[in-house]
Amino acid sequence: MTTTQNRDTRYTEAAIEADAKVPAIHIWRDFDASPSQLFRAHTDPQLFARWSGPSSVGAEITEWDAREGGCWRYTARGIDGRDEFETSFHGCFHTVREDRIVQTFTWDGMPDSVALETMTFEDLGDGRTRLHAVSLCDSFEDRDAWLRSGMEVGVNDGYAAIDRLLAEGAL
């Protein structure tokens, strides 16, 4: 797989690629939004809870301090008859700017594995913004486990929910 980004490519669904050289995952997705709208989607806890994860899962935010040095934590629970599902995630914000967020990410199911996530919001100049997310994992094994986990369902469901929030004027 490649990690090159083509500016002329339109990412209406998430493009998810494994980096060939380092244990990282790249995700690209375009939105009919401004960078500030995508920034709000990723830093406002009430908005984040409305779009994060697969559509069959809801998020309960238990800690959220979206500033440099702040921390975040949430629990994802099944909805629509999936009451048996529950898992939690947490991390710390390192950089919080309108064009860039750097944070750590840990799934409580693998507490010794910490990923470093960098999200950039690039204004494409035509009312659209490109989100590029890079998750640098502890190892190639952890990275490949993420890719086999079905993460693309949660990523695409979540980004479709951002599209709906934008259409509703909630962002």
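Skip the neighbours within four places in sequence, and P45 touches I61 and W64 (contact means heavy atoms within 4.5 Å). This is a predicted model, where local features need pLDDT of at least 70, side-chain atom pairs count only at pLDDT 80 or more, and totals for chains, interfaces and linings use all residues. Numbering runs from 1 along each chain as its sequence is written, and side-chain values use heavy atoms, with hydrogens and water left out.

**Around P45**
- P45 sits in helix α2, residues 45–51 (helices are DSSP runs of H or I, at least four residues, and strands are runs of E, at least two, numbered from the N terminus).
- From P45 to D65 the C-alpha separation is 8.7 Å, with the two 20 residues apart along the chain.

**Around S135**
- Strand β8 (residues 129–136) holds S135.
- S135 has a relative accessible area of 8%, so it counts as buried (under 20%, with exposed over 50% and partly exposed in between, using a 1.4 Å probe and protein chains only).
- Beyond four places in sequence, the contacts of S135 include P23, A24, I25 and W146.

**The largest pocket**
- The largest pocket holds about 1,200 Å³ of space (a pocket is an open set of points on a 1 Å grid over the protein atoms alone where a 1.4 Å probe fits, with protein on both sides within 12 Å along at least five of seven lines; lining residues have an atom within 4 Å of a point).
- Of its 40 lining residues, Y74, F89, F105, M151 and V155 come closest to the centre.
- Helix α4 (residues 151–168) gives the most to that lining, with five residues.

Technical notes
Grid points are joined across faces, edges and corners, and a volume is the space filled by probe spheres set on the points.
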